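Q: Could you take me through this structure? I have not looked at it before.

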Amino acid sequence: MQAPLEDDTPSDALAGTEEPDHGQELKASDEAITFMSSIDPAELQKCVFPDSLVTVSEGGRDLGKFNVTVEFALRVQQPCLLLHAQSQGAIDDSPCGTTVTAYLTTDLEVLEEDYHEYVQLEGHSLEKRCRMVQHDGHMVIDKVTTVGEEVMKESVSYPMSALRGLVTEGSNLLLMRLIALRKKVPEQMTFISFDQGLRIIRTTFSELGLKQMEIEGETAEVFGIERIVHSVEDSPTTWQCYFLPDGHLASRVQVGSPVMMRLVQLPSLLEKGFENVPLVWEEDMQMRSRFLDRKEELKADHASYLRQHPEIRALTSDFLQFLLLRKPDYVLQFARDYFLPFASHRPPEPQLKAPSP
């Protein structure tokens, strides 16, 4: 099946609700802490761009896609970075995917993160949701695992003082962009992470060096970073990622997996410094005519759909009214809780299949 964004340990769908071991005293290395504290705003500005890769099998068959966006945002009036990553596809006729949304400080401290992973198997489904949020000096983590009709819940809280040098699913993606831009991985780069049981574990980064990679018929020089995620009970999991000089992700693979993610198109000429010649389509009669025709076509199509489903207006109106009355700090969590009761009434979704090679 398609690997999640960062699978810290092998998926264990039937894991219980055992509390994590608070007695662990694993800490990030001084080098890792120093790296996070040395991040400059100018470096972060260079990291604000999207990445788009395809997921392929060993034989080159397209299995899905992987997208990452990073942008500056506000969370409860606090400036931060918003990272959104999504991986989706289908392997062995089983639709699967992972989504991560994270709010990060400028030194990559996690303010809030939502993780969702699903696999649609024949006859039943597997779904994992994990939400972590800072509250009163603690990181509060809630995890829900659903296997068919069985639902398992776990919850734990760690003091932020114990989580210096924490790297999560979301912050890891931005951290590696920064490392790639510097083109150097300091020695002894050991951070801490969480495993599937919400226990603190070690994760280390090392340098793979430079190599040549063919992308879109061109040869590009890429810089490699290896991440090893250690485990309390299982063997370590190793990820290898290669980046272009501008920080764009070129390839990503979990060692031992038959599936890899790779870049199929080089960044645009604009990103490489070529002059952008603006197209004033409003002054082109043919393009303006096509635009107006398409605009009216879409308006008519959307209006027809809304007439056929009047419940949409009522649903969105009620949600917005409720949202503005409550004014929650955590909009994503609020929306999830609001729409959750509707999930139990949805019809079964059609089975998706992987595209033909």
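Predicted model: local features only at pLDDT ≥ 70, side-chain atom pairs only at ≥ 80, totals over all residues.

Q: Let us begin with strand β12. Is it largely enclosed or open?
A: Strand β12, residues 237-243, is largely enclosed by the rest of the structure, because six of its seven residues are buried.

Q: Which way do β11 and β12 run, and how many bridges join them?
A: They run antiparallel, and seven bridges join strand β11 (residues 218-229) to β12. Within this pairing, Phe223 stands opposite Phe243 in β12.

Q: And how does β12 pair with β13?
A: The pairing of β12 with strand β13, residues 249-254, is also antiparallel, over five bridges. Here Cys241 stands opposite Arg252 in β13.

Q: What do β12 and β13 form together?
A: They form a hairpin, with five residues between the two strands. Gly247, in the turn, has a positive phi of about 95°.

Q: You mentioned Arg252. Which ring does its charged end sit over?
A: The charged end of Arg252 sits over the ring of Phe66, 5.2 Å from the ring centre. Another such case is Arg177, whose charged end sits over the ring of Phe49 at 4.0 Å from its centre.

Q: Changing topic to rings: how many aromatic pairs are there?
A: The count comes to eight aromatic pairs. One of them is Phe322 with Tyr338: the ring centres are 5.9 Å apart and the planes are at 45°, so this pair is tilted.

Q: Why does that pair tie together separate parts?
A: Phe322 lies in helix α5 (residues 311-326) and Tyr338 in helix α6, so the pair ties together parts that are 16 residues apart in sequence.

Q: Are those two residues buried or exposed?
A: Phe322 counts as partly exposed, at 29% relative accessibility. Tyr338 counts as buried, because its relative accessibility is 19% and the cut-off for buried is under 20%.

Q: What about Tyr338 and Phe339?
A: Tyr338 and Phe339 form an edge-to-face aromatic pair, at 4.9 Å centre to centre with 85° between the planes.

Q: Which residues do the ring pairs link into a cluster?
A: The cluster consists of Phe319, Phe322, Phe334, Tyr338 and Phe339, linked by ring pairs.

Q: Where is Phe339 placed, and what does it form on the surface?
A: Phe339 is in helix α6, residues 331-343, and is partly exposed, with a relative accessible area of 32%. Together with Leu315 and Phe342, Phe339 forms a nonpolar patch on the surface, and the three have about 240 Å² of accessible area together.

Notes
Residues numbered from 1 in each chain as written. Heavy atoms only, no water. Patch = residues over 30% accessible without salt bridge, like charges linked within 9 Å, V, L, I, M, F, W, Y side chains within 5 Å. Areas by Shrake-Rupley, 256 points an atom, 1.4 Å probe, with all protein chains shown as cover. Salt bridge = Lys/Arg side-chain N within 4 Å of Asp/Glu carboxyl O. Helix = DSSP H or I, 4+ residues; strand = E, 2+ residues; numbered from the N terminus. Buried < 20%, exposed > 50% of the residue type's maximum accessible area, 1.4 Å probe, protein only. Pairing = 2+ DSSP bridges. Phe/Tyr/Trp six-rings, centres within 6.5 Å; stacked < 30°, edge-to-face > 60°. Lys NZ or Arg CZ within 6 Å of the ring centre and 35° of its normal.
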